[in-house]
Amino acid sequence: MQVYLDNNATTMTDPQVVEVMQPFFSELYGNPSSLHKFGTSTHPYLRKAIDQVYTALNASDDDDIVFTSCATESNNWVLKSVFNDYIVNGEKDHIITTEVEHPSVLSTCRWLEEQGVKVTYLPVNEEGIVEPHTVKSFITEKTALVSVMWASNETGMIFPIKEIGEICKEKGVLFHSDGVQAVGKISVDLQDVHVDFVSMSAHKFHGPKGVGALYIKDSQALSPLLHGGEQMGHRRSGTLNVPYIVGMGKAIELATSNIEETMAKIRAKRDRLEDALLELSDTFVVGDREKRTPNTILISIRGVEGEGMLWDLNNGQIGASTGSACASEDLEANSVMLAIGADNELAHTGIRLSLSRFTTDEEIDYTIDHFKKAVARLRAISSSFAKVAPTPGGEAGECHIPHHMAH
Ligand code: C6P
């Protein structure tokens with residue numbers, strides 16, 4: 001059996017999505033900007049995809065949804081254009097974000113610091129979320145933008161976006177949320193929450209890779225990241241990627257049209273897996289499960305290195321990760337676990353398991369069985385190693401565990 005439990009890194013493209021994309025490669029391949037019928041015949045399909053995204057997010061007709069190549073582009077666009085539009089002219093000089101954002105936000109912020117922008121990286125609390133009062137206390141007259149993720153890719157913790165949005169509105173500060181791990185996993189209602197910009201990526205909700213979007217409230221001005229032709233009303237130039245946009249429309253419709261029911265099923269499987277793994281001694285899960293996206297577990301097994309565990313899971317045909325896929329090549333401790341107060345040793349043990357609507361009960365049973373055996377194997381190896389080479393200055397397993405991680 002093969003089990004894919006890395007759906008926060010990317011998802012399988014739903015076969016129904018592949019099917020609707022198919023005609024746009026070799027049949028309806030015209031450039032939508034062309035005036036002939038090859039081009040214009042794509043328009044109804046593009047219109048439909050746009051409507052599907054608006055409906056899924058409950059966006060208003062006054063808002064803009066602009067297709068991009070991915071969430072990394074959407075995040076870069078917001079941060080760099082806010083810099084260009086509000087900071088370069090000296091009006092403002094400050095951006096607020098959090099310590100636990102995805103690298104597409106954090107690296108862009110570091111680059112902005114090199115350009116002279118003051119960036120505050122807010123700490124998270126012990127559950128791994130930033131508290132609204134913390135955001136409020138750092139906003140000054142010079143703050144141009146607050147950028148806080150909607151849900152964490154690593155822990156699944158859902159951030160208090162509604163409350164932070166109210167604070168930003170009251171203070172007159174622009175608010176961006178990286179919605180990559182929220183869209184398609186929890187309800188995202190953009191008429192209920194005040195947020196100026198939301199980034200998303202289709203491949204996180206069973207759409208294709210290489211297409212994302214940026215939501216822009218009230219179609220407000222934001223200078224383009226890519227200059228060029230007139231596509232998307234000059235907001236994002238480049239020939240429209242029709243098959244992928246059509247695929248994204250279908251994917252978001254499938255992911256959100258019955259979200260409560262779909263997520264209840266995923267949550268039941270996730271909780272069963274989590275309960276079973278927590279039967280292992282010295283095992284901890286980050287964050288209250290009711291406050292997490294329904295598909296995610298970040299679990300730590302004391303004394304079991306994350307990389308060793310991944311290797312063993314991989315041998316058992318189970319795909320998981322130690323955290324963000326784009327940081328998985330280094331062997332550093334999980335930065336989100338460090339940010340919530342885990343010590344270095346514990347932060348090296350995190351394993352992220354993320355389910356999807358395609359995860360089956362049989363796969364969960366198989367994973368529970370293999371995971372438990374893997375922990376036993378790895379613990380046996382590390383205890384026999386410890387007998388030969390005791391670690392100086394401390395007993396095995398002596399590490400700081402934040403109290404919220406204890407089960
Ligand atoms: N996170 C993960 O393993 P792209 O790659 O541009 O489609 O999405 C980037 C991105 C932005 N924000 C968040 C919160 C994300 O989770 C991701 C992608 C993957 O966690 C790959 S690094």
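Modeller: Exposed here means a relative accessible area over 50%, buried means under 20%, and partly exposed lies in between. The model is predicted. The part I will take is helix 8, which spans residues 161–171.

Start with the covered side. Ile 161, Ile 164, Gly 165, Ile 167 and Cys 168 are buried. Looking down the axis of helix 8, these buried residues fall within an arc of 160°, so they line one face of the helix. What lies over them? The cover includes helix 7 (132–138), strand 5 (143–147) and strand 6 (174–178).

Now turn to the other side of helix 8. Lys 169 and Glu 170 are exposed there. Just after the helix comes Gly 172, with a positive phi of about 70°.

For context, take strand 2, residues 64–68. Four of its five residues are buried. Strand 2 pairs with strand 8 (residues 212–216) in the antiparallel sense, over five bridges. Within that pairing, Ile 65 has Tyr 215 of strand 8 as its bridge partner.

One more residue gives an intermediate case. Tyr 244 sits in helix 9, residues 242–256. Its relative accessible area is 24%, so Tyr 244 counts as partly exposed. Setting aside neighbours within four places in sequence, Tyr 244 is in contact with Met 21, Phe 25, Pro 208, Lys 209 and Val 211. Lys 37 is 207 residues from Tyr 244 in sequence, and the two lie 20 Å apart, C-alpha to C-alpha.

How values were computed
Residues are numbered from 1 along each chain as its sequence is written. This is a predicted model: local features need pLDDT of at least 70, side-chain atom pairs count only at pLDDT 80 or more; totals for chains, interfaces and linings use all residues. Side-chain values use heavy atoms; hydrogens and water are left out. Buried means under 20% relative accessible area, exposed over 50%, partly exposed in between (1.4 Å probe, protein chains only). Helices (H or I, at least four residues) and strands (E, at least two) are DSSP runs, numbered from the N terminus. The arc is that of the directions from the helix axis to the C-beta atoms. Contact means heavy atoms within 4.5 Å. Two strands pair if DSSP finds at least two bridges between them.
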